[in-house]
Amino acid sequence: RAEKTEVLSEDLLQVEKRLELVKQVTHSTHKKLAACLQGQQGLDADKRSKKLPLTTLAQCLMEGSAVLGEDSLLGKMLRLCGEAEDKLAQELIHFELQVERDVIEPLFVLAEVEIPNIQKQRKHLAKLVLDMDSSRTRWQQSAKSSSLASNLQPSGAKADALREEMEEAANRVEICRDQLSADMYNFVAKEVDYANYFQTLIEVQAEYHRKSLALLQNVLPQIKAQQEAWMEKPSFGKPLEEHLAVSGREIAFPVEACVTMLLECGMQEEGLFRVAPSASKLKKLKAALDCCVVDVQDWYSADPHAIAGALKSYLRELPEPLMTFELYEEWIQASNIPEQEKRLQALWNACEKLPKANYNNIRYLIKFLAKLTEYQDMNKMTPSNVAIVLGPNLLWPQADGNVTELMTTVSLQIVGIIEPLIQHADWFFPGDIEFNVTGNYGSPMHVNHNANYSSMPSPDMDHGERRQHDQARRPLSVATDNMMLEFYKKDG
């Protein structure tokens, strides 16, 4: 068999090896990149949109919005999100069409057309080289078979024909080699263009994500605005001022609802706030209170201990105690003052420093607890007992350590704060109070037994004026205070 002649230079042989590697990598990349497309490849934008998962999601959200209606928060959210997802789907279609046109299709052409054409041409050249080698061999064998001298060329018609055949074969090899060499060098020169496909991919992706982010950032404020404008927001575990601002209330909804219900059905219940409630009833009531849809009438005949438990849970789950972290040390220091009148005055001073929202709610709650203790003969809840079970839910320290251990050491001090507030509720918080603030519950009004004392600020004063009122005043003595309470009780 004729020995094969190598007609390509060493550089072109290296290019030939690189061709196969580039083909493999490009083919694999094209396949994986096409698999990333969510739309069906080759379809126009409209047909592609119908088969896109994002489009299906957008339609589902819009249909859900239509079912729930614009009068529900979920309905509004579904509509806004559905519109956003539809716009995202359009951006995705535009992105995929551009990737398909500028990256996927050129990679396909490179891997499946351009490189295979060069390789096909290389195989054709190999065949031509083989033909040329065969012609040369036949011509050489013809020369040997003639009895001519070694320095003479073969002669005769047959030898001429073989020589012409050899020359034509060599000419075809040269033409094919030149064309192949040009194509190979062009491939090497165009490597920058091929690399640009991947730069284009990243640029198109970046632009798609920028537009998608801008779209989402545009819709987020609308979604947040709807959330903030929605009145039915959870109250448990939320900051007091946030709940009051959102609901447009002065007294927290769980506080007013529980107090008004207890005024109707729990004032004579023994061990109120102390006896553990039914877990299922407590969970149900908390859930109803949390979405502000509780039907108070249903609970008038229900378990008062569940109502009391819900009130305790709300107070305890506040991110900051009703009597605030900021004033914690001042409350504790006031409770440690030995002299009663000075201790009460210090507690009063701390009360006056409470933020308005906290002041209004602690005043409301203490007035209720004072009224609860009026029934202590039946409910066994003296001011001390109430302070023991409810005090830790009104004031606790801000600490990173073991809260349980810490509360054990300060519980007595907290009782020493809450108990006098309940005992002297009308002195700390003068003026009558309407427990049914929103007019929804039909609860009785708390009467201020000390309202006629000139030493008390007017109940018509606002919070700021009351803080400026007679800072030097001192509380009534305990004896006088208790005497007046007994007097009014006897007086009916």
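## Helix H11

Helix H11 spans residues 304-317, and its 14 residues reach 20 Å from the first C-alpha to the last, close to the 20 Å expected at 1.5 Å a residue (1.5 Å times one less than the number of residues). Helices here are DSSP runs of H or I with at least four residues, and strands are runs of E with at least two, numbered from the N terminus.

H11 is mostly covered, with 11 of its 14 residues buried (under 20% relative accessible area, 1.4 Å probe, protein chains only). Among the buried residues are Pro 304, His 305, Ile 307, Leu 311 and Tyr 314. At the N-terminal end, Asp 303 caps H11 through a side-chain oxygen 2.9 Å from the backbone nitrogen of His 305.

## Basis of the model

The model is predicted: local features need pLDDT of at least 70, side-chain atom pairs count only at pLDDT 80 or more, and totals for chains, interfaces and linings use all residues. Residues are numbered from 1 along each chain as its sequence is written, and side-chain values use heavy atoms, with hydrogens and water left out.

## The chain as a whole

The chain contains 20 helices and 2 strands. Of its 492 residues, 43% are buried. Among contacts (heavy atoms within 4.5 Å) with a separation of 6 or more, 76% join residues 24 or more positions apart.

Leu 74 is found in helix H4, which covers residues 73-145. The relative accessible area of Leu 74 is 59%, so this residue is exposed (over 50%).

Conventions: A polar contact is a pair of N or O atoms within 3.5 Å; within protein, one must be able to donate a hydrogen and the other to accept it, and residues adjacent in sequence count only if both atoms are side-chain atoms.
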